Amino acid sequence: MPRRLQLANRIGLPVAALIFTAVGVGVLFGAQRFIADAKQVAHTNEVMASVDGVEARLRDAEAAQRGYLLTGRAEHLAGYQASRDQTGPQLEALAHLVKDNPLQSRRVRDLAELSALRLAQMEQNLARYREGGLESAQAGIDAEVDQTSHRIRASARQLLDEERRLLAERDRTSRRSADILRALAGLGIPLGIAVVGSVYWLLLREIRRRGRAERDGSQANLRLRESVAQLERHSADLGELTRYGSLLQNCLSAAEAVALTTQLLSRLLPGTGGTLYRIRASNDYAEELAHWGEHAAASAVLLTPDQCWALRRGQPHLLRAQDGTLRCDHVEPSADVGACSSACLPLAAQGAQLGLLYLSAPDPAFLARLDLVQAAVEQLSMALHNLALQERLRIQSIRDPLTGLFNRRYLEESLTRELARCERRGLPLSLMMIDLDHFKAFNDLHGHAGGDALLAAFGQLLGSLARTEDIACRYGGEEFTLILPEAGAQSALDCAARVGEAVRGLRVHHLGQELPTVTASIGLAVFRPDADDASRLLQRADMALYRAKREGRDRVVQAE
C-alpha cells in the first residue's frame with residue numbers, strides 16, 4: 001500500500017472524525033446556548049412585562065381613584081380596588097422572576113415599598129374623600145404624592161434599563177454563538193468534507209490502481225498461462241522432434257525416412273495437406289514421394305526445379321491468405337490461392353538440393369510452427385543425404401565401378417552363403433569362370449580406353465544374360481565369374497554356350513568407330529557337396545578355364 005494512503009488511513013479519517021465531532025459538539029453547545037439565551041430573553045421580556053404590569057396596575061388604580069373622586073361612581077371604586085388587589089401578586093411574580101439577580105431583587109423590593117406607599121397614599125386620599133368630600137381629597141394630593149409617583153417611575157425605569165442591558169448583552173452573546181456556529185459550519189464542515197474527500201480520493205485512486213493491477217495481473221497470468229502452454233507444446237514438439245531424429249538416424253532406407261516424416265508432420269500440422277518431393281538423379285524433375293492430408297491448393301505430381309521459388313532461391317517460400325506474394329507455378333492454377341496459405345520448404349544437404357516439402361491449408365495457423373517443420377525438414381535432408389551416401393558406399397564396396405558387376409569380395413561372401421544354402425536344401429550349384437581371349441593384345445592395340453569400353457560392354461552383356469538369382473562378378477582384370485545357384489551341369493553348360501555366343505556377337509563402339517569382336521574362354525565347375533568348399537570350387541573352375549585356353553580358346557570346358 002502506498003505511504004500516502006497509509007497516512008490517509010492512519011491520520012486522515014481520525015482527523016475528519018475529530019473535525020465532525022468538534023462541529024457536532026459545537027453545534028450542540030451552540031444550540032444549548034441558543035436555548036439558554038432564548039430562555040433568558042423570554043425571562044427578560046417577562047420581567048419587563050411584569051414591571052410594565054406593576055406600573056399599569058398602579059396607573060389603573062390611580063386613574064380609577066381619580067374617577068371615583070370626580071364622579072363618585074361605585075364602578076370606579078371597584079376598578080380601583082381590583083387594580084390595588086392585583087398589584088400585590090404582580091409584585092410577587094416580579095420578585096420571583098428576578099430572585100436570581102440580587103440587584104434587580106433589591107430594586108423590586110424598592111418598587112414594592114414605593115407601590116405600597118403609593119397605595120397607602122391613595123387609601124388616605126379616599127378616606128379624606130369620605131370625610132371631607134372632593135375638596136378635602138384634592139387637598140390631600142400634594143408634593144409627596146407626586147414624589148412617590150416619580151420615584152415609582154424611576155425605580156421601574158431602572159428595572160427596565162437593567163433588563164434592556166441584560167437583553168442587549170444576551171443578544172451579543174447570541175450573535176457570538178451564531179458567529180461561532182457559522183465559523184464551525186463554514187470552516188469545520190468544509191474542512192471535514194475536504195479531509196474525507198481527500199481520503200476518499202486516495203482510496204479511489206488506490207482502488208483504481210489495484211483494479212488496474214488486478215487487470216494487469218490477470219492479463220499477465222493469462223499471458224503466463226499461454227506462455228506455459230506454448231512452452232509445454234514447444235517442449236512436447238521438441239520431444240517429438242528428438243524422438244523423430246533418433247528414429248530417423250536408424251532408418252535403413254529413404255522410404256522409411258519419408259514414411260516417418262509424413263507421420264510426424266501429419267501429427268504436428270493437423271488439418272494441413274502436405275506433399276514431399278524428391279529430385280531425380282538427373283536433376284531435371286522433382287517427383288512426388290509421399291502425400292498426406294487434404295491440400296487447400298493442390299500441387300503437380302511432377303515438377304521442374306524452376307517451377308518452385310523455394311528450389312530456385314534455396315529458401316522457404318511462404319504464401320499467406322490474401323497476400324500478394326508470387327505463387328509457385330507448380331500450384332494448380334484453378335485453386336483459389338487468395339483463400340489459402342501455403343509453404344514450400346527446400347530439402348538440401350551439403351550444398352546439394354534433394355527435394356521439396358509443400359504444405360497448404362485454409363488457415364495460416366500452421367505457419368506459426370514453421371520453425372519446427374523446418375527443423376524436421378533439415379533432419380530429413382541430412383538423413384536422405386546420408387542414406388544416399390551409404391547406398392553409394394555400399395554399392396562401391398560390392399560393385400565394380402567400370403562394369404557395374406559385383407566385385408571379388410562380394411563374390412567370396414556370396415559364394416559361401418549360396419553353397420551353404422544349396423547344400424542345406426540339397427540343390428545343385430554351378431560356377432563359371434570367364435576370360436576374354438587375347439585381351440592384353442586388344443588393350444595394347446586400342447589403348448586402355450578401348451579396353452575399358454570392351455570390359456564395360458561385356459559387363460552389361462553378362463548382367464543381361466544372368467538370371468535374377470544368378471550373381472555376376474568381375475573376378476579381376478579381364479576375368480569374370482558367374483554363380484548359378486540351383487543350376488546343374490546341363491543348365492550351366494547351356495548358359496555358358498549362350499554367353500560364348502553372345503560374346504562373339506558383341507559389338508562395341510568407341511570414339512566413333514566400331515572395335516573388333518572378341519571371344520571368351522569359359523571354365524565350368526559343378527559343386528560337389530562332399531568334396532568342395534568355396535575356394536576349392538573356384539580353383540576347379542579356374543583350372544577348367546586354363547584348360548579351355550590351352551585347348552584353343554573360345555570354348556567351354558567343364559571341370560572333371
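The largest pocket has a volume of about 300 Å³. A pocket here is an open set of points on a 1 Å grid over the protein atoms alone, where a 1.4 Å probe fits and protein lies on both sides within 12 Å along at least five of seven lines. Its volume is the space filled by probe spheres set on the points, which are joined across faces, edges and corners.

This is a predicted model, where local features need pLDDT of at least 70, side-chain atom pairs count only at pLDDT 80 or more, and totals for chains, interfaces and linings use all residues. Residues are numbered from 1 along each chain as its sequence is written, and side-chain values use heavy atoms, with hydrogens and water left out.

**Stop one: the largest pocket**

Select Gln230, Arg233, His234, Asp237, Ala368, Arg369, Asp371, Leu372 and Ala375. These residues line the largest pocket, each with an atom within 4 Å of a point. Now colour α4 (143-249) and α7 (370-398); each supplies at least two residues of this lining. Helices are DSSP runs of H or I, at least four residues, numbered from the N terminus. α4 gives the most, with four residues. By type, the lining holds three nonpolar, two polar and four charged residues. Ala, Val, Leu, Ile, Met, Phe, Trp, Tyr, Cys and Pro count as nonpolar; Asp, Glu, Lys and Arg as charged; the others, Gly among them, as polar.

**Stop two: the second largest pocket**

Next, select Gly245, Leu248, Gln249, Cys251, Gln379, Met382, Ala383, Asn386, Leu387 and Gln390, which line the second largest pocket. Again, α4 and α7 are the elements giving two or more residues. Here α7 has the largest share, six residues. The space is about 180 Å³. Which residue types line the second largest pocket? Five are nonpolar, five are polar and none is charged.
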